[in-house]
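Dear colleague,

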Amino acid sequence: MPYSVGLQAASAALLSAGLPVLFTTAIIVLLVIVTVTSSLQKDVADAPARLPIYSLFAIIPFFRRRFDFLNWGFEATGHSAFQFDLLRNKVIVVSGESARQVFFTAKGLDLTEGFKILSGAIPMVRGVTSDLQTKRISLIHKRLAAVQKNEQLSMLIPPMLEDSRRLMETWGNSGSLDPFDKVYELIFQLTVRSLSCAEISDDPCVVSRLKKLYDTLDVGTTPATVLLPWLPTPAMVKKLWATKEIYDIVVTAITARQQSGVSKNDTLQMLLDSGDEKLVVVGFIMGLLIAGARATGTTACWMLTFLGGHSDWREKAKAEVEGLLTSQYLSQNSPNDSLSSQLAAIPLETWETETPVLDSIIRETLRVAQPHTAMRRNLGPEMHIDGKLIPSGSYVVYPFSDVHLNPDIYHDPWKFDPNRQPETKSAYNYVGWGGGKTICLGQRLARVELKIVTALFLLGFRHSIVDGSGKFSPEPPLPNWNDILLCRPPEGSFRLRFERSGTVL
Ligand code: HEM
């Protein structure tokens, strides 16, 4: 199969590399030549300002300290747009209201192509990920919409609550936890439950293996693996290997289902019953698991962290959920039922339309702690943003910090205040779920996941923030936007202290 041939070729090339010093020198020389030749190119009059450094020095900070790097770029050039080269790729960073408007709506700016080169968490493997062309991607999006239809999404609520109960039980009666460890793990389980199949989500060992493999992909995303994906560095080989193992887990589950002849009520069954080719089924599960778990996991970790540091909002949210439990829908429940089964009786529509407090908490959490930098490639023709040229084939990036942490739009922007409204009126002054032609396609699922996990946690536990030495901290930590995945503060700098409230989960 082309997939494993690709992997073998990569490992063989690595093993035969024999002369590491020569090899490294050759790569450095190559990088310098590429960088110097691209820096020597003359810019046209309407080109965005260039960074006052050799582009070679932009590579590491773009991947490792993106928030600081992009802010520095605006400051150093004194312009609202600037450009730099990532090897042979021209990258233009834009900011400001009118740029935002064009960025989210321009026809030629393509999200998939932008993401492929500038993010690169999943290696492009021939026969699997690289062959997911536009046609297949739109089919995957169509299937994602099907998972979120009323009936399908309603069906997912009880098993997701049961998963949450099972994992929260393992936390014990009291103690402290790192949300980026435990809460993230919980959301990963719910994402696997909702987007794959019983064969995987019912087996804690397989789920844990899968999570480790996805973590390997994240940690292994180095500038070299993104910009020189053909280069068989140890990090790249590790990533390819992790991708192959994820692929094997998914394919084994699909084959088991097909061979059993037993139909189950889950997303895999819906995909198989739709008659899609295997590449679409595998691509759906492999791609959306990572897209879904990362963003939802980050948000859940931060929601519980902010609520731990803001007891007023914690109490408001808790009262809202308690109100749902005593409402008319739940007359059939007995107060002796477990919390998870009481919550499972709340209809989807109620979760979606009668939880304004949770909605405002989600919205504010995404504003302060979602370190997204949107990326696009201009598939052509050339265009202008704020009078600056965006050539065909170039990459355009828009950091969400430009709007969400902008003091003119959000006064005292680092402050967590779910009551707030933007100071200015504009269609793009909040882009937590995207904007224009790229709106999040998993939003409905993500919101329900976030609400049920928060509800079960708030009713089942009391919690607060403690610092690294275990002392009560009146303030939640500041989100670290340089961590492009989780916004995670330095490890060990804080924890959530919790105590069970005495009600059966
Ligand atoms: C709290 C959780 C989530 C947040 C905050 C979030 C946020 C976003 C944002 C901001 C975008 C637009 C990105 C851009 O313009 O560059 C986006 C796109 C997307 N999201 Fe989400 N997302 C979340 C969860 C999910 C989940 C659970 C799934 C899938 C199950 C998902 C699937 C997608 C897809 C497929 C797109 C691409 C849409 C397109 O190509 O037009 N997201 N999301």
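The notes below cover a sheet, a helix beside it, and the cysteines.

This is a predicted model, in which local features need pLDDT of at least 70 and side-chain atom pairs count only at pLDDT 80 or more, whereas totals for chains, interfaces and linings use all residues. Residues are numbered from 1 along each chain as its sequence is written, and side-chain values use heavy atoms, with hydrogens and water left out.

Three strands form an open sheet in the order β5-β13-β12, with antiparallel pairing; strands are DSSP runs of E with at least two residues, helices are runs of H or I with at least four, and both are numbered from the N terminus, while two strands pair if DSSP finds at least two bridges between them. The edge strands, each pairing on one side only, are β5 (174–177) and β12 (461–467). Between β5 and β13 (residues 494–500) there are four bridges, and L177 has L496 in β13 as its bridge partner. Helix α21 (residues 443–460) packs on this sheet and touches β12 and β13, where contact means heavy atoms within 4.5 Å. The direction of α21 makes about 90 degrees with that of β12, taking axes as lines fitted to C-alpha atoms, for helices over the stretch in contact, with angles from 0 to 180 degrees between N-to-C directions.

C440 lies in the loop between β11 (438–439) and α21, and its SG is the only protein donor of the iron atom of the ligand, at 2.3 Å; donors are N, O and S atoms within 2.8 Å of the metal (3.2 Å for Na, K and Ca), and since water is not among the atoms, sites may look incomplete.

Best wishes
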